[in-house]
Amino acid sequence: MNTVPQGGLIGLGLAALISLLAPFVVYFVCRKRMELPLRNIALGAGIFALFALGLEGAMHYYFLKANPTTSAWLLHNTWGYVVYGVSAAALFEETGRLIAFRFFAKRTGDAGTGVSYGIGHGGAESIIIGALGQAQAIVFALLLDAGKLQGTLGAKLPPATYAKIRDSLLHLNFLIGIAGGFERIAALLLQIALSLLVWRAVERREWRWFLAALLLHAGVDTFAALGQRGALSVVTVEIVVYAVGLVLLVFFLAKLPRRPASN
């Protein structure tokens, strides 16, 4: 019987744990340096759910599934798919951020306004897409080991999609499994950086920072989208994501101001 490698399952479990804990770790690191209103954290999570999962998701459903003309063109045109996907993600998420900072966020007078929102936005993404996605993969792996995956998914998915899921589980190893957790850390730091850019745009009325957020978001997502389409290797995509995450990690640990010590 084909079974999922134990190392891969351990890697997935650790990735889920990393994805779940990363937002809390970043919060406790950053709160020593600035005020982080819980209102802004909740706002970031809510805007992510509304704009990325709700509105953007509804548009994707229409163009990629419900409309046969657009879905056929996008799914068979790599660059069309990439441009559509990264443009939608950047516009929906950054517009949501702009509205949040303009009308709803609590201003702290420092970078804490943007960082707290980013922790909420990126944290929700890390938990929903990262931890829950990895938990789902673990469930699929256990079903495959029990010989029940075919009966559970086989009738619900196209044969090619089912075969891809099955093969990915059978070829899973520890490094592949845990990699998703580190990708979530990089994505969380990116969401905080984007939030800081949009916060600065609103605070200073300097809209070039909003444009910078759109371009940075679209640029990073372009590599991920090309990886999804097979135009770039997984290794190349992960190098880009990790490099961006490393730069941002250094920034947040070394460059953000600390709170004045209380007497």
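**View 1. The largest nonpolar core of this predicted model has 40 residues, of which Leu36, Phe101, Val115, Ile119 and Ile192 touch the most other members.** A nonpolar core is a set of buried Ala, Val, Leu, Ile, Met, Phe, Trp, Tyr and Cys residues joined through side-chain atoms within 4.5 Å, where buried means under 20% relative accessible area (1.4 Å probe, protein chains only). Two or more residues come from each of H1, H2, H4, H5, H8 (174–204) and H9 (208–228), and H8 gives the most, with 12 residues. Apart from this core lies another one of 13 residues, including Leu149 and Leu170.

**View 2. Helix H2 (residues 38–66) bends by about 35 degrees at Gly57.** The bend is the angle between axes fitted to the seven residues ending at a residue and the seven starting there, and helices are DSSP runs (H or I, at least four residues) numbered from the N terminus. Among the buried residues of H2 are Asn40, Phe48, Glu56 and Leu64, and what covers the buried residues of this helix includes H1 (6–30), H3 (68–75), H4 (78–104) and H5 (112–145).

**View 3. The axes of H3 and H4 come within 6 Å and cross at roughly 110 degrees.** Because angles of 65 to 115 degrees count as roughly perpendicular, H3 is described as roughly perpendicular to H4. Trp73, Leu74 and Leu75 of H3 meet Gly80, Tyr81 and Tyr84 of H4, contact being heavy atoms within 4.5 Å.

Residues are numbered from 1 along each chain as its sequence is written. In this predicted model, local features need pLDDT of at least 70, side-chain atom pairs count only at pLDDT 80 or more, and totals for chains, interfaces and linings use all residues, while side-chain values use heavy atoms, with hydrogens and water left out.

Conventions. Buried < 20%, exposed > 50% of the residue type's maximum accessible area, 1.4 Å probe, protein only. Axes fitted to C-alpha atoms, helices over the stretch in contact; angles between N-to-C directions. Parallel < 35°, antiparallel > 145°, perpendicular 65-115°, else oblique.
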